[in-house]
Amino acid sequence: MKKIINILFMSVMAAMMSSCLMFVRDSYDYPNSSVTGAIVDSLTGEPVQMDVAEGSYIQYFQKNYGPVEEAQNFTFMTDGTWKNTQVFAGTYDFVLQNQNFVPIDTVRNCVFEPGKNNHFEIKVLPLHKLWGWDIHIDEETNELVAGVNFVLNTTRLTDEVYAYYTDNVALFIDEAPYVGAFYNCYSSKMMVSWPCIVDTYREFRISLDDPDLSKAIKRGEKYYVRLGVQTWGNTDASLGAVFTGTKPYNFTPPVRVQF
């Protein structure tokens, strides 16, 4: 009899705990807002091309609930936009990490209103400006041709020392549209190691019979090809440098090419 009573008692307690948990769970609000945004070139008004993996990303810090701010990290799409349809309304600060643009301060007091999409554009100066890119297959020479113009958006720390330098120009290939420095099946680099403060052009011409390229791709298939220019920064804080030590790329948009 005592055993039966114990079983009944445990059953009742389990039911009560389940009800309490359900009540606690139901006491929390669901996300009631959404946000979209873009990192925009302050000179051209165009979104800044990004690397999906190990590139720039944004952190949200919600300011409504006590002194401890909890960060939410979101990665940019390749075209420099971002989107989150499941966020709580409130006031947030944005912190941009691994920046491939001249560093900016925290973007403060961004209000996410409930029941609507909230759009934000953050204007920045990319470390490199890229334009006039051309990516195609030269049928006559049987080569992949990929060229780009670029220039360094830079400032001097002293008369002889620059804040940023052009490290290299790189070509990336992959089946996925988010091809970049991390996600690629093939890459090639041209070293520069100089502050390219005047308009500069670099071009890759890679034979389709190149052994490394032949291992990475299948002839007749389509792949995304993208060019990037990598920046190295001066880290001497005594000169006023603000570079973090990362070496980010500025990119062209991915171009789909049939090999």
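Colleague: By class, what makes up the lining of the largest pocket?
Modeller: The lining has 8 nonpolar, 5 polar and 3 charged residues. Ala, Val, Leu, Ile, Met, Phe, Trp, Tyr, Cys and Pro count as nonpolar, Asp, Glu, Lys and Arg as charged, and the others, Gly among them, as polar. The model is a predicted one, in which local features need pLDDT of at least 70 and side-chain atom pairs count only at pLDDT 80 or more, while totals for chains, interfaces and linings use all residues. Residues are numbered from 1 along each chain as its sequence is written, and side-chain values use heavy atoms, with hydrogens and water left out.

Colleague: What makes a set of points a pocket and not a cavity?
Modeller: Both come from a 1 Å grid over the protein atoms alone: in a cavity a 1.4 Å probe fits but cannot get out, whereas a pocket is an open set with protein on both sides within 12 Å along at least five of seven lines. The largest pocket holds about 280 Å³ of space, a volume being the space filled by probe spheres set on points joined across faces, edges and corners. Its lining comes to 16 residues, and Asp41, Pro47, Leu130, Trp133 and Phe251 are the closest to its centre. Lining residues have an atom within 4 Å of a point.

Colleague: Which elements give two or more residues to that lining?
Modeller: They are β8 (128–138) and β14 (249–251). The most comes from β8, with 5 residues. Elements are DSSP runs numbered from the N terminus: helices (H or I) of at least four residues and strands (E) of at least two. In this chain they come to 2 helices and 15 strands.

Colleague: Why is threonine 78 called buried?
Modeller: Its relative accessible area is 16%, which is under the 20% limit, so threonine 78 counts as buried. The other classes are exposed, over 50%, and partly exposed, in between, all with a 1.4 Å probe and protein chains only. Threonine 78 sits in the loop between β3 (71–75) and β4 (81–87). Leaving out residues up to four places away in sequence, threonine 78 touches Val48, Gln49, Met50, Val52, Pro177, Tyr178 and Arg226, where contact means heavy atoms within 4.5 Å. Valine 179 is 101 residues from threonine 78 in sequence, yet 8.4 Å away from C-alpha to C-alpha.

Colleague: How do you know that glycine 80 is buried?
Modeller: Its relative accessible area is 0%, so the buried class applies to glycine 80. Glycine 80 is in the loop between β3 and β4, and beyond four places in sequence its contacts are Gly37, Ala38, Ile39, Val48 and Met50.

Colleague: What makes asparagine 109 and serine 193 partly exposed?
Modeller: Asparagine 109 has a relative accessible area of 49% and therefore falls in the partly exposed class. Serine 193, at 48%, is therefore partly exposed too. Asparagine 109 lies in strand β6 (residues 107–112) and has a positive phi, near 60 degrees, in a residue other than glycine. Serine 193 belongs to strand β11, with phi near 55 degrees, also a positive value.

Colleague: What makes a set of residues a nonpolar core?
Modeller: Its members are buried Ala, Val, Leu, Ile, Met, Phe, Trp, Tyr and Cys residues joined through side-chain atoms within 4.5 Å. The largest core has 25 residues, of which Leu144, Leu171, Ile173 and Phe259 touch the most other members. Elements giving two or more residues to this core include β9 (143–152), β10 (164–174) and α2 (211–216). A second, separate core of 19 residues includes Phe74, Val87, Leu96 and Phe120. In soluble globular proteins, nonpolar side chains tend to be buried together.
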